[in-house]
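Let's take a walk through this one, sheet by sheet and helix by helix. Keep the viewer open as you read.

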Amino acid sequence: MRVLGIESSCDETAIALVEGKGERVRPIWSIIRSQADLHSQYGGVVPEVAAREHVEILAALVREHLSRDGAGIDAVAVTYGPGLAPALRVGVETAKALAWGWKKPLIPVNHLAGHIYAAWFGEDEGPKWPFLALLVSGGHTELILVRGHGEFFKLGETRDDAVGECFDKVAKMVGLGYPGGPRVEARAESGNVEAWDWPRPMIKEDNYDFSFSGLKTAVLYSLKGREKEFDTPGFIEDVCASFQAAAVEVLVEKTVKCALAQGVKTVVLAGGVAANLVLRAELTRRCGEAGIEVKLPPFQYSLDNAGMIAAAGYFLAKQNAVTGEALLAVKVDPKADLHDHNNNQQDHKTDLPDYAKN
Amino acid sequence: MTITITNKTIRPIYPTMQKTKLVNLEKLPLFARELVGDLRAGDRVALIGEMGAGKTTLVKAIAKALGYAGMVKSPTFTILNEYKLSTDNDFSGLKKIIHADFYRFENLKDIQALDLESELNNETIFFAEWPEKVNKVDWNPTVVIKIIWISPTVREIGWERLD
């Protein structure tokens, strides 16, 4: 079954075509027209510009890559949320028009579910059920138990800042520009991870939540008044390395602790920060020590893309595909929750151990 | 007004603010209740402060003071967060808080695209972090709150109603 995916929840405008067969899915083609270049001069997401750009870019992508009659496409998957309403609408309305015109079903997909499904591209087989997903991006840091297709249970999350945001802000503190995460990672390569001893917030606490605002302020306070030292060779590299080490340690330790407590044998890494090499390596190493398998999404599918949306659409088609009036009625949901995908949420919850019920 | 702290005399940094207060972070919940007394349903609050000043922390405390029991997280990447309040609060008709962060905006003249008009009404109190990044005219703030870092556990908070 061939599924077209459309993604426009924030910075990126993307379309992709994937082929699903049984429990496997593979990308046929995937295009991401990053607005990062446009945004660098602006320093970040500019939603009004983003929406205008989404319209132009998506129209161009559709013209260039899709045939008028949609031959070879069996369904259209699109991100309905979470994200920015004006940007989401561009994708959703385009997807509705295509699906309606081609007389194919539309599958609304949650952007976070998409990130989790990116792991299916990395291996021949998808992750085994149940697995624990560590979802890490600019806007999210969560531990999600996944018991089956579309059965997502959030076990823990950040109580303040997402880890991707923390990378971004540390980058700002040392003048590294946008996008901050990759730049911090690059500088960290030649830095000393022990140069600074910053806190690993909540690492010992008996919960599955995170907190990165304390780490952010710890770095901020350490740097206060020391701006003159930024030019010292190695100073910024050390800051980046030490910060990254703290962030990665917290993520990895809590994930492993959660997986062991839940008795799951597989951890799936998801989200933009899944592109971080140190996180990938550390997670794999620590999970390996604990006898837990790790599934990593390929780099090009860690950041926002449409391939992951199409993959999620393929696996969730049975539950979520719509046609006819229901297709026309599909709306964006900027605050969409992963639980929206769950069927019979209450029934599943009674099966969970106490600490997993939320 | 001058305040003496450990032998140093500090003048309030925003003498023009109608109200200012030195707030010890331990006393934040109490302060939030006081601040909430000066807010009204329908207010649009410009929340100003450097990174780490405590803008989101203050919104968290205010939401709690208004009876919100859920999580208040940083809107830096989500841009807009919404917190639905229980109907049982002191503000008649107040249904939700919208918490925005324009940190990732730059040189933006027009925030129309966020569809704020449909969101901002008398059932909502709207907080915007980094309001300096957008045009005041486009969202008409009614209150401004400024937070200044004094020490790791103390902030100077100034606030006033804009006419």
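What follows goes through a sheet in chain A, its helices, one proline, and then chain B.

Bear in mind that this is a predicted model.

**The sheet in chain A**

Five strands of chain A make an open sheet, ordered 3-2-1-4-5, with mixed pairing. Strand 3 (24-33) and strand 5 (106-110) of chain A sit at the edges with a single partner strand each, so one side of each has no neighbour in the sheet. From one strand to the next, the twist averages 25 degrees.

Have a look at strand 2 (residues 13-21) of chain A, which pairs with strand 3 of chain A in the antiparallel sense over nine bridges. There, Gly20(A) is found opposite Val25(A) in strand 3 of chain A.

Two helices lie across strands of this chain. Helix 3 (residues 85-102) of chain A lies across strand 1 (2-7), strand 4 (75-81) and strand 5 of chain A, and runs at about 160 degrees to strand 4 of chain A. Helix 10 (residues 307-320) of chain A lies across strand 1, strand 2, strand 3, strand 4 and strand 5 of chain A, running at about 115 degrees to strand 5 of chain A.

**Helix pairs in chain A**

Two packed helices are described by the angle between their axes and the distance between the axes. Here are two pairs set out that way.

| Helix pair | Angle | Axes apart |
|---|---|---|
| Helix 8 (residues 235-262) and helix 9 (residues 277-289) of chain A | about 35 degrees | 10 Å |
| Helix 5 (residues 163-173) and helix 6 (residues 180-188) of chain A | about 70 degrees | 7 Å |

The crossing of helix 8 of chain A and helix 9 of chain A is right-handed. Residues of helix 8 of chain A in this contact include Val248(A), Leu251(A) and Val252(A), while helix 9 of chain A brings in, among others, Leu279(A), Leu283(A) and Cys287(A). By class, the residues of this contact are eight nonpolar, two polar and three charged.

As for the other pair, helix 5 of chain A and helix 6 of chain A are roughly perpendicular to each other, and their crossing is left-handed. Phe167(A), Asp168(A) and Ala171(A) of helix 5 of chain A make the contact with Gly180(A), Gly181(A) and Val184(A) of helix 6 of chain A. That contact has three nonpolar, two polar and one charged residues.

**A proline in a loop**

Pro127(A) belongs to the loop between helix 4 (111-117) and strand 6 (131-136) of chain A. Is Pro127(A) buried or exposed? With 6% relative accessibility, Pro127(A) counts as buried. Leaving out residues up to four places away in sequence, Pro127(A) touches Ala119(A), Trp120(A), Thr266(A), Val268(A) and Lys295(A). The C-alpha atom of Pro127(A) is also 8.3 Å from that of Val267(A), 140 residues apart along the chain.

**Over to chain B**

Chain B has three helices and nine strands, in the pattern β-β-β-α-β-α-β-β-α-β-β-β along the sequence. Of its 163 residues, 53% are buried. Counting contacts in chain B between residues at least 6 apart in sequence, 67% join residues at least 24 apart.

Now zoom in on strand 6 (residues 96-101) of chain B: six of its six residues are buried, so this strand is largely enclosed by the rest of the structure. Lys96(B), Ile98(B) and Ala100(B) point one way, and Ile97(B), His99(B) and Asp101(B) the other way.

Strand 6 of chain B runs antiparallel to strand 5 (residues 80-84) of chain B, joined by five bridges, and Glu82(B) stands opposite Ile98(B). Strand 6 of chain B also pairs with strand 7 (residues 124-129) of chain B, in the parallel sense over six bridges, with His99(B) opposite Phe127(B).

Note on methods:
Residues are numbered from 1 along each chain as its sequence is written. Chains are lettered from A and ligands numbered from 1 in the order in which they are written. This is a predicted model: local features need pLDDT of at least 70, side-chain atom pairs count only at pLDDT 80 or more; totals for chains, interfaces and linings use all residues. Side-chain values use heavy atoms; hydrogens and water are left out. Buried means under 20% relative accessible area, exposed over 50%, partly exposed in between (1.4 Å probe, protein chains only). Helices (H or I, at least four residues) and strands (E, at least two) are DSSP runs, numbered from the N terminus. Two strands pair if DSSP finds at least two bridges between them. Axes are lines fitted to C-alpha atoms, for helices over the stretch in contact, and angles run from 0 to 180 degrees between N-to-C directions. A crossing is left-handed if the near helix is turned anticlockwise from the far one by less than a right angle, and right-handed if clockwise. Contact means heavy atoms within 4.5 Å. Ala, Val, Leu, Ile, Met, Phe, Trp, Tyr, Cys and Pro count as nonpolar, Asp, Glu, Lys and Arg as charged, and the others, Gly among them, as polar. Angles under 35 degrees count as roughly parallel, over 145 as roughly antiparallel, 65 to 115 as roughly perpendicular and the rest as oblique.
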